[in-house]
Structures are given as C-alpha cells and as structure tokens.
Amino acid sequence: MRILKFTANALIAAVFLAGCDKLSAFNQFQAGQYKPDIADLSYGQDDRQVLDVYLPSSSAQPAPLIIWFYGGSWDSGDKAKYAFVAKRFNELGYAVAIPDYRLVPKIHFPAFIEDAASAIAFMKDYAASHPDQLTDEPVMLAGHSAGAYNAVQVVADPTYLKAVGLNSQHIVGIIGLSGPYDFHPYDVSATEIAFGDTPARLSQPVEMDLTHMPPLLLITGTRDTTVLPRNSRRLATLAPKTELIEIKETGHAGTLTALGFYLTTDQAVLDPVTVFLRTNLPTEN
C-alpha cells in the first residue's frame, strides 16, 4: 500500500504540476460542469480583482463562508480551475468564494496580500447584504501553496485587514495546505521575483507577532520538495493555536488533490480538514 500510495501521488503531482491545461483536465475530471452560483463579482478595479461564489444546496443556506486562495507562485492561477475545491466544501455545507488576484510580474508584494484583504472585506459586505445565502459571521480562510501564504499573511500582519476595516476577529480560522511561511532569504526565482528586496520582517509570517492569530490547521506532505515541511513546522511552533499534520508519502500537490473525489481523495487530509471546520465554523444544517 505504501508503494501504491507513493506511485499514485507521484503521478498526480506530475499531472497537476505540468501546467494550467493539466490542471483544467484535473478539475474537469473531479468537478465536471460544476459552476459558481455567482461569477465574476468585482472586489476591485483591476480585471484580476474578481471572485466566484459557490453555494451549497438550498437546504444548507444560509451557509458559513470559506474563502479559498489558490497557489501558483504568485505569478499564475485561475479561479475557474478550482471548482473541485468548491464542490468539496459545498458538500460539507459551506459556501465558498474563490478570488483571482493580481499577479507577478505586473505587481509584486504586497499587492497580492492587499487583494486578499479586499476580497475578504468584499465578501463580508456581501454576506451582510445577502442573509438568505450566507451567514453573517467570521469567515474561514484556506489555501494551498502560495495561496496558503496569502491566507496566513493577511492575518499575521494586521496592517492589511485594518486597511479594509477588519481585524483578526473577523477570521474564525485558517487552513494552510503546503504553504511557505519561512522562506527568507529568497533563494528561488519565484520568491526573488515576487518579493524582491522586501525585508523578512515584512514578508515572513514567522517574523510576525502571532499572538492574535485564530486557530490554524497546517497540513504538509513529508515528500514535499517544492515547499519544504519545515515551513509548516516552524509556523506551528510560533502560532498559539495550531494543529500540524504531516502526511507521509505525499508531495506538494498531494495535499490539494486530496480534496478531489475520484482516485485522489485522501482521508488523511480530508478528515482533519472536516473536523477543523466543524469545530471552528459549524454549519447550522
């Protein structure tokens, strides 16, 4: 079984990381024609500052909200290719918002974190004005890879939420899958380009005062060579309410594809995610 799991994860990672067309194929395989209920809501002036909202079944509405930030080294990504993530959370009874955000090299840090804050504020206002769809309560943030960084950093440095009239009390928890949180000095091209000469005290979650952080669920794969597990381990030692889970024989893509429905589902990821959601953001239905 160990060999089979490693082989499956290796094949999944090869397909998933091969490019956007492969990601589209994976999403199509997992989610089919699953579409957002509300598409391309603008939370800013840029063409990239748009988001999709997926709602659970009408019997589960109004639903608590998860905001999902995808990865892509801060220079690529498309919200439409993560319908499988929305479908998974919808089936658990949650509404899901997936924002696009401005990308490198058009912008650099901290623009993508500012976009995360703007998307959160927009969805808080949207929930307040659509009580039939969404519950008006703190939201859950979640993300994979660079998206996990965005989800953590937008709360770790209170500057961003404060700028949009929010604070950490508006965030009920954060789920980070294979995220980079301790990557200074910038020694790969993705971080060099995205962060330039930004000092660590401004860019690294592990350099922040984390006493205000909400509960964190950090999941990493022991075979992740893209974002080393030490990132999650280090953050877990610093943030006060953190659960760290390391998935054996799993690489960088495996913690994300685990949310899929066919062939790739991994209960080692899905079960703690479900428990974390039910504990920190229970559904009413």
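Visitor: What relative accessible area does Arg-223 have, and how do I read it?

Guide: The general idea is that buried means under 20% relative accessible area, exposed means over 50%, and partly exposed lies in between (1.4 Å probe, protein chains only). Here Arg-223 has a relative accessible area of 40%, and it is partly exposed. One thing to keep in mind: this is a predicted model, where local features need pLDDT of at least 70, side-chain atom pairs count only at pLDDT 80 or more, and totals for chains, interfaces and linings use all residues. Residues are numbered from 1 along each chain as its sequence is written, and side-chain values use heavy atoms, with hydrogens and water left out.

Visitor: Which residue meets Arg-223 in a salt bridge?

Guide: A salt bridge is a side-chain nitrogen of Lys or Arg within 4 Å of a carboxyl oxygen of Asp or Glu. For Arg-223 the partner is Glu-249, at 2.6 Å from N to O. This pair links distant parts of the chain, 26 residues apart: Arg-223 is in the loop between β7 (216-221) and α9, and Glu-249 is in the loop between β8 (242-247) and α10 (254-257). These element names come from DSSP runs, with helices (H or I, at least four residues) and strands (E, at least two) numbered from the N terminus. Glu-249 is buried, with a relative accessible area of 11%.

Visitor: How many salt bridges are there in the whole structure?

Guide: A search finds nine. Among them is the one between Asp-182 and Arg-230, at 3.5 Å from N to O. Asp-182 sits in the loop between β6 (171-177) and α7 (189-195), while Arg-230 is in helix α9 (residues 230-238), 48 residues apart. Asp-182 also meets Arg-234 in a salt bridge, at 3.2 Å. Arg-234 lies in helix α9 and Asp-182 in the loop between β6 and α7, so this pair ties together parts that are 52 residues apart in sequence.

Visitor: Is Asp-182 buried or exposed?

Guide: Asp-182 counts as buried, at 14% relative accessibility.

Visitor: Which residues are linked in a network of salt bridges?

Guide: Look at Asp-40, Asp-52 and Lys-79.

Visitor: What is the mean pLDDT of the protein?

Guide: pLDDT is the predictor's confidence in each residue, from 0 to 100. The mean here is 93, and 92% of the residues reach 70 or more. Over residues 14-20, though, pLDDT stays under 50.

Technical notes:
Contact means heavy atoms within 4.5 Å.
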